[in-house]
Amino acid sequence: MSPTLGRVFSQLQGYIQQQGASWQIPGMTLFSNREHVLEEISISACLTFGGSLDDGFLKDGEAVKVVELPGTERMVSVIHHGSFSMLHLAYNALLKWIENNGYTIAGPNRELNLAYDPNGDEAQYVTEIQFPVEKQETQSFERKEESEKHV
């Protein structure tokens with residue numbers, strides 16, 4: 001986890017406690033970019049909480065918005081064991097599976113930190129990567145497969 005994201009999670013936990021609510025694990029990072037352009041990714045630190053909580057601001061001025069993530073009909077996921085520096089391998093495998101099985105990404109992806117201790121052994125980290133997906137239309141998927149055969 002980047003130092004910035006770690007700081008935001010820590011401040012978010014404090015904010016939730018100051019409001020008299022309690023945060024719950026796992027923490028989640030939400031990555032949003034409609035056109036999948038790397039330079040235009042919006043990153044959100046997310047925590048589930050119990051109790052009542054209002055919108056506000058963290059110590060560094062970052063806005064806190066209380067939202068409920070919308071449900072999704074289909075979600076594909078992979079569980080990664082180990083350091084965040086190797087997450088790219090899990091992402092690559094999952095994205096390849098999505099493409100090879102005729103799906104398209106249908107919303108922001110999520111990283112759930114199932115086992116994480118900022119002062120712990122990175123080899124013990126467990127992260128679930130999730131992508132909401134939709135099945136491609138059969139006709140366009142078959143055309144793609146056919147065009148790949150001719151390349």
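Predicted model: local features only at pLDDT ≥ 70, side-chain atom pairs only at ≥ 80, totals over all residues.
Two strands count as paired if DSSP finds at least two bridges between them.

**Exercise 1.** Determine which strands pair with E8, and in which sense E6 and E8 run.

*Solution.* Begin with strand E6, residues 103-105, which is joined to E8 by three bridges, the two running antiparallel. Within this pairing, Thr104 has Glu134 of E8 as its bridge partner. Next take strand E7, residues 109-115, which pairs with E8 in the antiparallel sense over five bridges, and here Leu112 stands opposite Glu128 in E8. Finally, strand E5, residues 75-81, is also antiparallel to E8 and pairs with it over seven bridges, with Ser77 having Gln130 in E8 as its bridge partner.

**Exercise 2.** Decide whether strand E8 is mostly covered or mostly open, and say how many of its residues are buried.

*Solution.* Strand E8 spans residues 126-135, and eight of these ten residues are buried, so that the strand is mostly covered, where buried means under 20% relative accessible area.

**Exercise 3.** Classify Thr127 as buried or exposed, and describe its surroundings.

*Solution.* Second, apply the cut-off: because its relative accessibility is 0%, Thr127 counts as buried. Third, look at what Thr127 touches beyond residues up to four places away in sequence: its contacts are Val78, Ile79, His80, Phe84, Leu87, Glu111, Leu112 and Asn113. Last, compare sequence with space: Thr127 and Ala115 are twelve residues apart along the chain, while their C-alpha atoms are 6.9 Å apart.

How values were computed:
Residues numbered from 1 in each chain as written. Heavy atoms only, no water. Buried < 20%, exposed > 50% of the residue type's maximum accessible area, 1.4 Å probe, protein only. Helix = DSSP H or I, 4+ residues; strand = E, 2+ residues; numbered from the N terminus. Contact = heavy atoms within 4.5 Å.
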